[in-house]
There are 2 protein chains.
Amino acid sequence: MTRPTILVTNDDGIMAPGLRHLINIVRDYGDVVVVAPDKPQSGMAHAITISTPIRLEKIHEEEGYKEYACNGTPVDCVKAGEKIILERNPDLLVSGINHGSNSSINVIYSGTMAAVLESAAEGIPSIGFSLVDYSMDAQFNHAEKHIRRIIEQVVNNGLPERICLNVNIPSVNGGEIKGTKVCRQAKAYWDETFESRVDPRRKDYYWLTGVFKNLDQGEDTDEHALANNYISVVPVQLDLTAHHVINTLKKWNLNGEDK
Amino acid sequence: MTRPTILVTNDDGIMAPGLRHLINIVRDYGDVVVVAPDKPQSGMAHAITISTPIRLEKIHEEEGYKEYACNGTPVDCVKAGEKIILERNPDLLVSGINHGSNSSINVIYSGTMAAVLESAAEGIPSIGFSLVDYSMDAQFNHAEKHIRRIIEQVVNNGLPERICLNVNIPSVNGGEIKGTKVCRQAKAYWDETFESRVDPRRKDYYWLTGVFKNLDQGEDTDEHALANNYISVVPVQLDLTAHHVINTLKKWNLNGEDK
């Protein structure tokens, strides 16, 4: 049997320990091509690079393994991996392990998950992994057996068309992960504040900071699972249509008919 | 009655004719604050600026009107408009008019729609307008009465919590728009190619290009409406959970139980 081809990317960049951990895991499951940003790309979401050219630098190559740094975003990395390096779709895409949570509303800011959505749009089974710990010396070992099980389940079962997985891993500080729960995305938002400062030329500038606000106490949410030391697995779709609102809007007078 | 406060942004940047057209329309409906990127930010999706500071330059101020250029992304513009300029939420956010389609899968790449989603997450009624014409001398006049009607309907009816509108306008080349249709997002993707070139120092570089692939012949889709000279209105939600897949995944052996 041919070994599957696995494309790996992330948004923390090619040097991130989380990426190294994920590469080490997936090399057991297939031939691996890594195309990761050459610098941190957190918060780049689904950005693509259209006004500057894409460059790829080969970092390493050996039997069953290739690694490239890309000057673009995580989504650029997926496209470049498929179209320039592989010249076909991989059998599986994994992104991460992100240093920091991509649960709940974070999915829309996340470069890690944007790479996963991009790949899902092309029909590739795709999984994003994130650890709820922003530090660069975050520990990943406690999650390894769970990550392996999720990858094995996706390899064995496939995923429905254009559906991908958003996997978030609690940081349990040496404790034990209790298990894995399939969840929905919690309803939340970021309440931003800007720290205002004045530069040496007396011009104002602002640093974006924010506080995460969870509006959702549901026990079926990713936030609830993570708070209780479970790994959250949210199936994510590309269709953003609020189908339940269509009939309401159809009753509006959008065409200016007399009533 | 107090006039509503309307925040306006876009992703083509403060100089874009589409933004000017939208500003002219919404000034009839309330006090207007414009915070738009100081340079084109197309394809920036939901990116936020976290490693460099945000700056704002006041362009113009008069009774009921303020205009600022921001060095950040469209999502940064929304946050800065609310937190730095207004110091509260506006009553309405409009984004656009984008030069180019944000129908179908384009919603996930779009800075125009990212601004709208960001604002919706904060509970603000929010609408993104896009014209299916990428040129900077695109004509917007044929759409004005329809845009006004959509804004009036949102002002009068409000929008359900955390639901925003993605409005796309066909380019009819002097012809007539037939009306407005409430639609779902068509299933589609971009099939990318990279144009490979060699720079003067003999290094490869690549330009991202792509072909839009519509996988969805549904007559209830935005693509179908636009192809038939209708304006498409898609209600868009922040919840990316594929709820219909949760039960399938719950049957998987994610916790390694013996069977």
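Helix 3 (residues 111–121) of chain B is mostly covered, with 11 of its 11 residues buried. A residue counts as buried if 20 or more other C-beta atoms lie within 10 Å of its own, as exposed if 12 or fewer do, and as partly exposed in between, the C-beta atoms being placed from the backbone. Helices (H or I, at least four residues) and strands (E, at least two) are DSSP runs, numbered from the N terminus. The model is predicted: local features need pLDDT of at least 70, side-chain atom pairs count only at pLDDT 80 or more, and totals for chains, interfaces and linings use all residues. Residues are numbered from 1 along each chain as its sequence is written, and chains are lettered from A and ligands numbered from 1 in the order in which they are written.

The buried residues of helix 3 of chain B include B:Gly111, B:Met113, B:Leu117, B:Glu118 and B:Ala121. Just after this helix, B:Gly123 takes a positive phi of about 85°. B:Leu117 is also among the residues with the most contacts inside the largest nonpolar core, together with A:Leu117, A:Val233 and B:Val233. This core has 154 residues; a nonpolar core is a set of buried Ala, Val, Leu, Ile, Met, Phe, Trp, Tyr and Cys residues joined through C-beta atoms within 7 Å. In soluble globular proteins, nonpolar side chains tend to be buried together. Not counting residues up to four places away in sequence, A:Val233 touches residues of chain A, including A:Ile150, A:Leu165, A:Val167 and A:Val182, as well as B:Leu249 and B:Leu254. Contact here requires that the C-beta atoms of two residues, placed from the backbone, lie within 7 Å.

In chain A, nine strands form an open sheet of mixed pairing in the order 3-4-2-1-5-6-7-11-8. The bridge partner of A:Thr5 in strand 2 of chain A is A:Asp31.

Helix 1 (residues 17–26) of chain A packs on this sheet, touching strand 1, strand 2, strand 5 (92–99) and strand 6 (126–131) of chain A, and its direction makes about 145° with that of strand 5 of chain A. Helix 3 (residues 111–121) of chain A also packs on the sheet, touching strand 1, strand 5, strand 6, strand 7 (163–169) and strand 11 (230–237) of chain A. The direction of helix 3 of chain A makes about 170° with that of strand 6 of chain A. Axes are lines fitted to C-alpha atoms, for helices over the stretch in contact, and angles run from 0 to 180 degrees between N-to-C directions.

The axes of helix 2 (residues 74–86) and helix 3 of chain A come within 8 Å and cross at roughly 35°. The contact is made by A:Pro74, A:Val75, A:Cys77 and A:Val78 of helix 2 of chain A and by residues of helix 3 of chain A, including A:Gly111, A:Ala115 and A:Ser119.

In chain B, an open sheet of nine strands likewise has the order 3-4-2-1-5-6-7-11-8, with mixed pairing. Helix 2 (residues 74–86) of chain B lies across strand 1, strand 2, strand 3, strand 4 (65–70) and strand 5 of chain B, running at about 135° to strand 2 of chain B. Strand 9 (residues 188–198) and strand 10 (residues 204–214) of chain B pair in the antiparallel sense over 11 bridges, and B:Tyr189 stands opposite B:Lys213 in strand 10 of chain B. The hairpin of these two strands has five residues between the strands, and B:Arg202 takes a positive phi near 65° in the hairpin.

In chain A, A:Lys187 is found in the loop between strand 8 and strand 9 (188–198). A:Lys187 is buried, with 20 other C-beta atoms within 10 Å. Leaving aside neighbours within four places in sequence, A:Lys187 is in contact with A:Leu215 and A:Asp216. The C-alpha atoms of A:Lys187 and A:Asp216 are separated by 5.2 Å, the two residues being 29 residues apart along the chain.

Chain B can be laid on chain A with an RMSD of 0.0 Å by a turn of 180° and a shift of 0.0 Å along the axis. The two copies are thus related as by a two-fold rotation axis. The superposition is by least squares on the C-alpha atoms of residues with pLDDT of at least 70 in both copies. The copies meet through the same surface, because 100% of the interface residues of chain B are also interface residues in chain A.

How values were computed
Pairing = 2+ DSSP bridges.
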